[in-house]
Amino acid sequence: MWFFARDPVRDFPFELIPEPPEGGLPGPWALHRGRKKATGSPVSIFVYDVKPGAEEQTQVAKAAFKRLKTLRHPNILAYIDGLETEKCLHVVTEAVTPLGIYLKARVEAGGLKELEISWGLHQIVKALSFLVNDCSLIHNNVCMAAVFVDRAGEWKLGGLDYMYSAQGNGGGPPRKGIPELEQYDPPELADSSGRVVREKWSADMWRLGCLIWEVFNGPLPRAAALRNPGKIPKSLVPHYCELVGANPKVRPNPARFLQNCRAPGGFMSNRFVETNLFLEEIQIKEPAEKQKFFQELSKSLDAFPEDFCRHKVLPQLLTAFEFGNAGAVVLTPLFKVGKFLSAEEYQQKIIPVVVKMFSSTDRAMRIRLLQQMEQFIQYLDEPTVNTQIFPHVVHGFLDTNPAIREQTVKSMLLLAPKLNEANLNVELMKHFARLQAKDEQGPIRCNTTVCLGKVGSYLSASTRHRVLTSAFSRATKDPFAPSRVAGVLGFAATHNLYSMNDCAHKILPVLCGLTVDPEKSVRDQAFKAIRSFLSKLESVSEDPTQLEEVEKDVHAASSPGMGGAAASWAGWAVTGVSSLTSKLIRSHPTTAPTETNIPQRPTPEGVPAPAPTPVLATPTTSDHWETQEEDKDTAEDSSAADRWDDEDWGSLEEAESVLAQQDDWSTGGQVSRASQVSNSDHKSSKSPESNWSSWEAEGSWEQGWQEPSSQEPPPDGTRLASEYNWGGSESSDKGDPFATLSARPSTQPRPDSWGEDNWEGLETDSRQVKAELARKKREERRREMEAKRAERKVAKGPMKLGARKLD
């Protein structure tokens, strides 16, 4: 039976990366980049090859191996694992780079900031203080080659090959035998008489002065160059001179050197050093101190090195949130540091924390998350948004704090593209309906309309057809003037999502009503939208072949690209929607909506028309355009309009049809519409300025929609609609500002297909003929209704017992 010896290098859990070793290390050690075989995490591997005849160097290397293995300090190179064989020594440490290579790379990238150098020197001096004062050890090798930098920019002291005890145990300092290292020895070592009085730290502090000189000025050519400070900062020069003084007795202890440099105005007295010192002791700090520190941290992060933020600040922030109950104060610095991470790192480190934060009941944290969602939304995948984030976010719609409701609405602009069918088209629309109808804050109702206009392109085709027209129409009747503007802009921004029938029958009648709005801003936007929709209708009328192209998005699936199409056609609307929100919130942050005069419907006949009264800025709970017919047995519940999903989404079209029928049920409506048509043509020939001036001459906007109250008596048997003055035929001194409005659509809903429309007839028939045809249809409908009422009266009249049964 054969036995094979195991190879300890092959079984070692770490491996070298096959590339040349990093330079900058005079002496027998070679520094290689490596990784752990199990996880692939990066490490540094110091390799010493045992050579014949170099027993002294081998003993020095083994002593360094032992020292590094037993010494543990945050500022000393961290030992991870090691391997000792007859042929080599392997020492595995944290991943580091020699300071000389690091400084050269930073100079090529733009230079090293004094803040980084101040903290780096602070760490080296603190390591020396630990060795001398706590361990009674002399490092005996402080130089550029003995300092390493980790991925966070932290400086670590290594090079423990020539370390010896300050108490004389184990003999004197070992011999180096390397000229590159011996040039850092202090001048008193050349005096073999032993008469020079010195402290145990004197030699190391001299070498520290050499290190400071090299950091700022480059490699030290000779010891005489130390007399010229060169580029050493002025605040550090006095303390540097103490280090390189000829008298070793006056060289300061490392602890006192730190104290001197940390004095006010000193080289190490800055925000960066203070931040690092606080982070090192954060576990023992009071909660109030932590809160204050994190609140002030965001202001300083911009001046801190990127590697420091990623690898030192970020872990502390995550730990403070996870275990320290830091709360919302960590969010701002956390997201600021997150900008330095790659997409993969962000998913691993930030997203789990964000998901956990959304489930918090802390209002301050919730509003901070909503305000800063733009910084992390691109890293969230759709399953995470729909299952772990959106269910918590929607609670903000019901919050009693208006600021949270407002931020929740705004956050939907970012979440909508990632929501699934149920959350977007059902759950979100329910909350939007409630906010637009019932929220007491005018700016929040306005923002809801603005948000709906922006996310409309993501809705399904059926939801768009059911929601958009009704929602924007409701917004145009809001007492809060900016909400009415948002409704108009919403129509324009989503123009490509409506069929031509909807544009003509549903949208234009609503917009025309806003041309007499008390607020000029509303009127101006209404006129712009009307001109845009009319130009679209006119272009299709001139060339019906454009219909398919114009309506390509109406029944299309939800697509982010639709928003771009809307912007290209009505850029003014999209811009207005974008800028409206910030203006409103600055002007009306959380105050209740103000009172506004809005146009009122005509009052029933026989009741004196009241003076226009200001309407409280509370959302209407029923559609004021809907009118009940007399032949209906029961009235519909007006509160059903509070929710878009509960109300009849075709109510707007039906209400317009009912109004069109009722226009001529009164005797005034039986008169030919020819006079109105001619009046419309006359007014259309005027310029917009003349129209506005004539309306202003007729009266102020506060007159609303009131009409002359005198009217001819209605015919017998006509009730309900005849009680309202929908526009009598009596002449008035004032011109009719609504004469330019086209006739209401007929009772039969117009088909969605454009093939049944007679475009040739539109081009040839005169407007008088169309008005006459419409009047005849209404006449026939009126007679049918009167016949039905007569039959009901006969049926409900006095009858003998059993007469109904015999029939």
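# Buried rings, cavities and backbone

User: Starting with Phe397 and Phe432, are they buried or exposed?

Analyst: Phe397 is buried, as is Phe432, where buried means under 20% relative accessible area, exposed means over 50%, and partly exposed lies in between, using a 1.4 Å probe and protein chains only. This is a predicted model, in which local features need pLDDT of at least 70 and side-chain atom pairs count only at pLDDT 80 or more, while totals for chains, interfaces and linings use all residues. Residues are numbered from 1 along each chain as its sequence is written, and side-chain values use heavy atoms, with hydrogens and water left out.

User: How many aromatic pairs does the count come to?

Analyst: The count is 16 aromatic pairs, taking rings of Phe, Tyr and Trp (its six-membered ring) with centres within 6.5 Å, and calling planes under 30 degrees apart stacked, over 60 edge-to-face and the rest tilted. The ring centres of Phe335 and Phe376 are 5.0 Å apart with planes at 25°, so that pair is stacked.

User: Where do Phe335 and Phe376 sit in the chain?

Analyst: Phe335 belongs to helix H12 (residues 331-338) and Phe376 to the loop between helix H15 (363-371) and helix H16 (382-393), so that the pair links distant parts of the chain, 41 residues apart. Helices (H or I, at least four residues) and strands (E, at least two) are DSSP runs, numbered from the N terminus. Both Phe335 and Phe376 are buried.

User: Back to Phe397 and Phe432: why is the pair edge-to-face?

Analyst: Their ring centres lie 6.1 Å apart and their planes meet at 90°, so the pair is edge-to-face. This pair also links distant parts of the chain, with Phe397 in the loop between H16 and helix H17 (402-415) and Phe432 in helix H18 (residues 421-438), 35 residues apart.

User: Switching topic, how many cavities does the search find?

Analyst: Seven cavities of 30 Å³ or more turn up across the whole structure. A cavity is a set of points, on a 1 Å grid over the protein atoms alone, where a 1.4 Å probe fits but cannot get out, and lining residues have an atom within 4 Å of a point. Grid points are joined across faces, edges and corners, and a volume is the space filled by probe spheres set on the points. The largest cavity holds about 310 Å³ of space. Its lining has 22 residues, of which Trp29, Phe46, Gly159, Leu160 and Asp161 are the closest to the centre.

User: What do the residues of that lining divide into?

Analyst: They divide into 17 nonpolar, four polar and one charged, with Ala, Val, Leu, Ile, Met, Phe, Trp, Tyr, Cys and Pro counted as nonpolar, Asp, Glu, Lys and Arg as charged, and the others, Gly among them, as polar. Helix H2 (residues 55-70) gives the largest share of this lining, three residues.

User: Which residue has a positive phi of about 55°?

Analyst: That is Ser136, although it is not a glycine; Ser136 lies in the loop between helix H4 (114-134) and strand S7 (137-138) and counts as buried at 15% relative accessibility. Asn140, not a glycine either, has a positive phi of about 70°, and its place is in the loop between S7 and strand S8 (147-150). At 5% relative accessibility, Asn140 counts as buried.

User: And what does Ala203 touch?

Analyst: Not counting residues up to four places away in sequence, Ala203 touches Pro186 and Arg251, with contact meaning heavy atoms within 4.5 Å. Ala203 is found in helix H6 (residues 202-217).

Key
On a 1 Å grid over the protein atoms alone, a cavity is a set of points where a 1.4 Å probe fits but cannot get out, and a pocket is an open set with protein on both sides within 12 Å along at least five of seven lines; lining residues have an atom within 4 Å of a point.
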